[in-house]
Amino acid sequence: MLAELLGAAAAVGSVGVVYVAAAARVVKQYERGVVLRLGRLVGDVRAPGFTLIIPFVDRLHKVNMQIVTMPVPAQEGITRDNVTVRVDAVVYFKVVDAANALIRVEDYKYAVSQMAQTSLRSIIGKSDLDDLLSNREKLNQGLELMIDSPAVGWGVQVDRVEIKDVSLPETMKRSMARQAEADRERRARIINADAELQASKKLAEAAQQMADTPSALQLRLLQTVVAVAAEKNSTLVLPFPVELLRFLERAHQEQPQQSPQRPIEKPVEKPVEKPVEKPVEKPVGKSIGS
């Protein structure tokens with residue numbers, strides 16, 4: 001009798017162990033468990049840790065609650081200013097309601113991906129090229145709002161959406177490069193013109209100052225000569241200013257006369273002697289046949 005009781009207890013214990021082994025489940029910290037009993041949602045979402053279900057009756061579905069990083073494939077579209085571009089993005093989202101993510105949508109990741117692609121094409125058509133290139137923060141916020149609105153009913157929350165890259169045609173790239181080059185050339189010319197204006201004002205002030213003190217012009221000329229003469233491999237052409245001549249002329253006129261002027265002596269004219277002509281002597285010849 002005792003042996004039968006021990007055998008029955010052992011059988012019950014083994015059945016209990018098998019039952020517990022079949023009913024035991026472990027939910028990880030980053031997961032939540034949703035129990036479906038005969039196809040219907042039962043109770044609340046199971047918290048992380050050890051939990052039990054009814055074998056062959058309940059089915060536990062684990063839903064990941066971590067942030068999912070999903071790249072959005074590049075979408076080609078035409079902007080509002082008729083430019084063809086290819087734009088790709090990335091979406092960061094997470095599940096906030098495990099039951100809705102499992103029941104209300106078949107595959108929440110696929111649904112978010114398709115919604116992100118559709119919203120990205122819509123943003124491309126509503127924006128200008130300059131906005132896509134320089135005003136991405138505003139476009140990211142608009143894209144996040146467009147994806148998050150339907151995803152709330154799926155138990156999914158979109159944390160952030162970022163536009164990664166904007167691809168342009170080669171012709172548009174060359175046009176933009178020419179535009180940037182022309183703009184830089186315009187700014188360089190404006191800066192040079194402003195520098196010339198400031199320099200002309202300073203030169204006018206310097207000329208007025210030198211006109212009041214003529215000796216300053218001579219000092220400036222000597223400084224220029226000294227600066228040029230420092231290069232031994234150059235030829236120095238020294239101009240002689242008219243102002244210096246006038247300065248020397250005025251100094252000569254103001255100088256007092258130290259010695260009286262001598263009278264100018266006229267040269268004495270000498271009488272011109274006439275040459276004496278000598279008589280010409282004829283030779284005496286002998287006659288033939290004398």
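Author: A residue counts as buried under 20% relative accessible area, as exposed over 50%, and as partly exposed in between (1.4 Å probe, protein chains only). The structure discussed here is a predicted model, in which local features need pLDDT of at least 70, side-chain atom pairs count only at pLDDT 80 or more, and totals for chains, interfaces and linings use all residues. Residues are numbered from 1 along each chain as its sequence is written, and side-chain values use heavy atoms, with hydrogens and water left out.

Reader: Why is serine 127 called buried?

Author: Serine 127 has a relative accessible area of 5%. That value is under 20%, and therefore serine 127 is buried. The residue is placed in the loop between H3 and H4, where helices (H or I, at least four residues) and strands (E, at least two) are DSSP runs numbered from the N terminus. Neighbours within four places in sequence aside, serine 127 is in contact (heavy atoms within 4.5 Å) with Thr79, Arg80, Leu132 and Leu139.

Reader: What makes leucine 38 exposed?

Author: Leucine 38 has a relative accessible area of 70%, which is over 50%, so the residue is exposed. It is found in the loop between strand S2 (31-37) and strand S3 (40-41). Although leucine 38 is not a glycine, its phi is positive, at about 55°.

Reader: Why is asparagine 82 called exposed?

Author: The relative accessible area of asparagine 82 is 66%, over the 50% limit, and the residue is therefore exposed. Asparagine 82 lies in the loop between S6 and S7. It too is not a glycine, yet has a positive phi, of about 60°.

Reader: Is glutamate 106 buried or exposed, and what makes it so?

Author: Glutamate 106 is exposed, because its relative accessible area of 83% is over 50%. This residue lies in the loop between H2 and H3. Glutamate 106 and tryptophan 154 are 48 residues apart in sequence, while their C-alpha atoms are 9.7 Å apart in space.

Reader: Why is H3 called oblique to H5?

Author: Helix H3 (residues 108-126) and helix H5 (residues 136-151) pack at an angle of about 140°, their axes being 9 Å apart. Axes are lines fitted to C-alpha atoms, for helices over the stretch in contact, and angles run from 0 to 180 degrees between N-to-C directions. An angle under 35 degrees is roughly parallel, over 145 roughly antiparallel, and 65 to 115 roughly perpendicular, with the rest oblique. The angle of about 140° falls in the rest, so H3 is oblique to H5.

Reader: Which residues make the contact between H3 and H5, and how do they divide by class?

Author: H3 contributes Met115, Ala116, Ser119, Leu120, Ser122 and Ile123, and H5 contributes Leu139, Gly142, Leu143, Met146, Ile147 and Pro150. Nine of the contact residues are nonpolar, three are polar and none is charged.

Reader: What makes a set of residues the largest nonpolar core, and which residues have the most contacts inside it?

Author: A nonpolar core is a set of buried Ala, Val, Leu, Ile, Met, Phe, Trp, Tyr and Cys residues joined through side-chain atoms within 4.5 Å. The largest has 34 residues, and Val85, Val87, Val91, Phe93 and Val156 have the most contacts inside it. Elements that each supply at least two of its residues include strand S6 (68-78), strand S7 (84-95) and strand S8 (156-167). H3 gives the most, with seven residues. Residues up to four places away in sequence not counted, valine 91 touches Val68, Thr69, Met70, Val72, Val112, Ala116, Ile147, Val158, Arg160 and Val161.

Reader: How many helices and strands does the chain have, and what percentage of its residues count as buried?

Author: The chain has eight helices and eight strands. Of its 290 residues, 20% count as buried.

Key: Nonpolar A, V, L, I, M, F, W, Y, C, P; charged D, E, K, R; others polar.
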